[in-house]
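Dear colleague,

Please find the structure below. My notes on it follow.

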Amino acid sequence: MIYEFPLSEGVRRLLRAEMLFKQSKAHIEYDDPYSTIAALSVLVDLVEIISKNNLKIEMIKHLEKLQSRDEVSADEKLKIKDLTQNLVFGSVKTFDEIKENIFLNVIRQRLKVTGGIGSFDLPNLHHWLRFSHELRSEHIERWFSLFGPTESALKYLLSTLRQIKDEEVCEFKQGLFYKTVKWDAELVRVDVKDALIYPEFSGNKQQLSIRLMEQSSPFDPVVQVQRDLEMIVERCG
């Protein structure tokens, strides 16, 4: 199991968007009304994070930084150029079809209300949920297709950042690793393999703290690992 920690707010937003894209794929494939509702919820969240958090600007900045790196091949630099141009020349009105859709707007407003999507709250939603899975999927795919250039750039950017890495064998004294650093990195990754532990990260590009934690079940307290361990810490990007 690999755990990741972003070292900047920009990469934090990229990882959140990546998670939402993965969630959408998982929800869409199931022929279940509640999976469809979950996909619509992800759709609303994606529009929010992409259109209001300058995600496009963040991706362009990171792509341009990648393009200037010596270890990136000429072919890869051409690919980065194409991805960047697709983002730069993408219309600011790309998501208007979603933002101005009355059906989706009503759902977005009701999702803010706890339990606010019952049939008595949104009869039009439950009417739509009676359509076949194929038809619902067609509608949802039409909306998600608007994210095409963004998703392509995001996938490439994060995949490349993860490949450009330095590895360090770090000693965790009683489950704790701390280091004052000045890393020109964007992401930290720790692979705990099959060990039933997980890391809690804290820090930035100047300092980093990682605590290894364990919890045998949700009903038991979380405790810090009390033994010394060596683990590989990856610095990416």
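How closely do the axes of helix H3 and helix H9 approach, and at roughly what angle do they cross? The axes of H3 (residues 55-67) and H9 (residues 148-163) come within 10 Å and cross at roughly 45°. H3 is therefore oblique to H9. The contact involves Met-59, His-62, Leu-63 and Leu-66 of H3, together with Thr-150, Ala-153, Leu-154, Tyr-156, Leu-157, Thr-160 and Leu-161 of H9. Eight of these residues are nonpolar, three are polar and none is charged.

The model is predicted: local features need pLDDT of at least 70, side-chain atom pairs count only at pLDDT 80 or more, and totals for chains, interfaces and linings use all residues. Residues are numbered from 1 along each chain as its sequence is written, and side-chain values use heavy atoms, with hydrogens and water left out.

Some terms require their criteria. Helices (H or I, at least four residues) and strands (E, at least two) are DSSP runs numbered from the N terminus. Axes are lines fitted to C-alpha atoms, for helices over the stretch in contact, with angles from 0 to 180 degrees between N-to-C directions; under 35 degrees is roughly parallel, over 145 roughly antiparallel, 65 to 115 roughly perpendicular and the rest oblique. Contact means heavy atoms within 4.5 Å. Ala, Val, Leu, Ile, Met, Phe, Trp, Tyr, Cys and Pro count as nonpolar, Asp, Glu, Lys and Arg as charged, and the others, Gly among them, as polar.

Ala-39 lies in helix H2 (residues 33-52). Leaving aside residues up to four places away in sequence, Ala-39 touches His-27, Ile-28, Ile-140 and Phe-144.

Yours sincerely
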